[in-house]
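Let's go through some structural labels and ask where each one comes from. Have the structure open while you read.

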Amino acid sequence: MTHAAPQGSPAAVPAAAEPRSIFARSRTLYREWMHRLVAPHGDQFFLVLAVLIGIFSGLAVVCFRVAIEWTHLLLLGSSLTPSPLRVLLVPSLFGIGIALLVIHAFPRARGSGVNQTKTAVYISNGYVPFETVIGKFITCALAIGSGQSLGPEDPSLQMGAGIASVMGRRLRLSQEKLRLIAPVGAAAGLAAAFNAPVSAVLFVIEEVIGTWSAGALGAIVLAAVSSVVTMRWFLGSESLFRVPPSELSHPAELLAYAVLGVVGGVFALLFLKWIAAARPRLQRLPPRAQYLMPAAAGLLVGAIGIWLPQVMGAGYPIIDQALHGEYVWRVLLILAVLKILATGFSFLSGTPGGMFAPTLFIGAMLGGAVGGVEHHFFPGLTSTVGTFALVGMGTFFAGFLRTPITSVFMVVEVSGNYSMIVPVMISTLIAYLISRQFQKVPLFDMLTRQDGVILPSIEERREHVSLVVEDAMRADAAIIFDPDEPAAAAAQRAGAAPESPLLLRPRLGEWRLLDREALQRLAAMDEPSAPRMVSEATSKGPLPLIFPDEPLDEVLRWAGDWPVLPVVSRADLGRLEGVLSLADVLHAFRKAAAE
Amino acid sequence: MLAVFCRREARHMKSRSTLTNRACAGYAREAVLASSLILLVLMFALTAFVTRQYHKRVHELGDQWFAKGDAELQGGGADAAIADYRNGLAFSPDNSVFQFHLAQALAASGHTGEAEGYLRSLLSASPGNGEINLTLARVAVRRSAMADALRYYHAAIYGVWEDDPIAQRWRVRRELCEYLLGRGAASQAEAEIIALANNTPKDQVAQIDTAANLLLRAQVWSRAEDEYRLALAGDRRDQDALAGAGAAAFQLGRYSEAIGFFTRLPQRGRSSGDISEMLATSRAVESGSPFLRGLSPADKAGRLRRALADSEARLSDCVQKSAGVAVPGQEPAGSDPQALLTEIRKAQGALKRASLARSLTLMDADMNLVFEAESAAARRCGPPSGAADRALVLIGREAGGDRGGASP
């Protein structure tokens, strides 16, 4: 069997001579397919890789969750209310062990997984060391399993990013793809941890990438879906929480959820302010204190846990109980406040672990408490306390983590309940606005800035208003000529406005620039027997058309190539809306910067 | 590995020089992908093993806590059971049996709101489940939400039951009847009790007794007597049925039948409070009523005289005992005891003087007088305590003199 030699690319598999057997033909087909699949710049390969990353991340997250549960069972027992001695000793003693591991074995395990993934994307070309994955797995399983008030989602996100990064490096992906692959893994890890692929995709787009990049979106979705499928294969497909059925019976009840939005926003703001103020002070403590901080946090969390063990760990069963209205509003309020304290202690101590689950916990308790109080004063409310707890989760999440779209979809997805989407949207929006109004820098950006790294702020980027052509163009500034207009008359019109650019409209959708000097020369040569037409005075080819709504930074690419560009209506390419020059663009940018 | 791939491919293509770095990269990818797939299989196996062990342990723990909760609940420790069930649910959050038992424990310990949350959640998963609807109905009863209770009871009656659905539905309807009777909703109860009686198997004497007893309590006397007769057809010595049938016959004014049922009871059953009273009253009616068929005119006249004498004695006795107690103007118009006594005495005198035929024409008016006297005495001195007086009230009522105030 013979092959022509490959020409340059492995994708270009040579046209084989006529195969002599089915086996040979199959082999050729396989080679062609495989070469096309693993082509270095092929999108197909990237998508296949995304599926693989998703499956690996799903498996890792399953093992991680099981590890947390085993650790919890071994250390704290199977009761929801363990003995006080255990509650006090386990988190503090294991805090020392965690500190030793973090300081000596896995220094990168400390900190927010979201920010480390962003760092990988924007600074280190998608590089997440595999030790981070191992370190996060071990230290977080120990921390959360021993009762520290932290959650498994953020570490899962980072484990996914780490796995993706390792695979990308092994497969020698291009730098561009390597940068893209960490968010793909992050989405996979988060989706498996939350059992919520849509929320994970939204979160990664909303918080890590910041744009709806078509190149990344397909891979992110595939990775998220495959990781969730893998996770469900082993752990079941049930929603994270079982929510009693509920619906909004009267629109006036939306006011009750608006109140929840205000309360959730204020609490989220207070929590953010506390972390913003306390973290730099704790970071300034001598290095020796780093050994003791997780243990001290464990002791404080344990001390709270003696009274209310519900605040320990991720707290999913407790959220479930709140959703079923098992606590009165006073208990819910106490749990919310104590969980804020416990989570603050654990997080500020540098113990590895995430903030997602505690955020949901606090939100659920706060929502239930607000619902309980409102029920006390307005017994006619049809929404149950559990419903308020459900809405509260999204509210606090939006206020604290500042990802409003993710918050709404996450509540819907983790509960499998679509009926409350309107109250969630209202409450979430209010909390988000309150938090943003009084805390300009979001949590993740604040943490990186405190660590001395300036990563692009997705929230700032999201809210940045781009200048468009309409902001810079000069309307009614040009003189328009038809191609059959005599040169003499045209020169006379042009002379009346010596500063205005001269544009010729030869046919619909085509605009050309007229040379003022050429026009005057043409007019001078004009004779009644042989009139000269204005079209003879055009310079260069047709001008590129731009539209009033186009972003100015995109137009900037070719604005310098032409003295002036015609801005035309999208509905009528023959109608001139204005003209734009490089000077106009720069003036608009300067003006915007000054404002 | 990569080199092996590349060399092999180069040999294969008979042109080592044309094999570019990119081609080698492609084969390296193949190798990495192949090893990734192997690793994937290994991780799959490992994860499967780990999760299987984990699920096994979790199920064990869930079952242990559940069994503990059941034991606590049966021992009356609802609060301890709640904690155990919650522990169990932490390991098996979707276990509807655990959730249902927790809801029952919550309801039993008065946490109706929480119980309802769980039950509604369960109900949304299986809306026709009879047991869940029944528990929701009980929760609604606890929080005095009658409309909800009725809705859930009906849903339970028409719901799905796994074991012996006919008997379960019968029991639920009986509970609903008891609830309605307890709430004093007699008209709603009547319809349910009749439905219960209609759905009672004809060979289940105990169930027929129960239905008949509910009919009796709802004062559906005739239907109650029918049901008791049905029960007696199955068991002639059924004491409950005899007592119930007697009571129903008594209420229907069929005193001889009542006596017949009561006397078939053994002595001990017959001597119990209500039955002995009804029996004595029935006998007094039978021996004192001038309206009974088959009596000779002389007997009727004699009974009329005795009735007048008894009522006169009761009223005068009552007037003496309550002298100074009665408030003037409290008596209904025409019911002044003294005036009544005077009228009775007049009637007694007239009866002595009248011929036998004439006496019988006065019988309705005289018995009406007797009833008014008994009623007046009842208003002053309370219900009659003696069988003879109770009988007189009943006889007077039978004669059409029921104007309220007396009850046997």
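A crossing of two helices is left-handed if the near helix is turned anticlockwise from the far one by less than a right angle, and right-handed if clockwise. Helices (H or I, at least four residues) and strands (E, at least two) are DSSP runs, numbered from the N terminus. This is a predicted model, where local features need pLDDT of at least 70, side-chain atom pairs count only at pLDDT 80 or more, and totals for chains, interfaces and linings use all residues. Residues are numbered from 1 along each chain as its sequence is written, while chains are lettered from A and ligands numbered from 1 in the order in which they are written.

Q: What handedness does the crossing of α16(B) and α19(B) have?
A: The crossing of these two helices, α16(B) and α19(B), is left-handed.

Q: What makes α14(A) oblique to α15(A)?
A: Helix α14 (residues 356-377) of chain A and helix α15 (residues 385-401) of chain A pack at about 130°, with axes 6 Å apart. That angle makes α14(A) oblique to α15(A). As for handedness, α14(A) passes α15(A) in a right-handed crossing.

Q: How do you know that G168(A) is buried?
A: Count its neighbours! A residue is buried if 20 or more other C-beta atoms (placed from the backbone) lie within 10 Å of its own, exposed if 12 or fewer, and partly exposed in between. G168(A) has 27 other C-beta atoms within 10 Å, so buried it is. This residue, G168(A), sits in helix α6 of chain A.

Q: Why is helix α4 of chain A called largely enclosed?
A: Eight of the ten residues of α4 (residues 113-122) of chain A are buried, so the rest of the structure largely encloses this helix. Among those buried residues are G113(A), V114(A) and A120(A).

Q: Why is strand β6 of chain A called largely enclosed?
A: In β6 (residues 576-580) of chain A, four of the five residues are buried, so the rest of the structure largely encloses this strand.

Q: How do you know that β5(A) and β6(A) pair?
A: Two strands pair if DSSP finds at least two bridges between them. Strand β5 (residues 565-568) of chain A and β6(A) have four bridges, in the antiparallel sense. Within β6(A), V579(A) is what P566(A) stands opposite.

Notes: Axes fitted to C-alpha atoms, helices over the stretch in contact; angles between N-to-C directions. Parallel < 35°, antiparallel > 145°, perpendicular 65-115°, else oblique.
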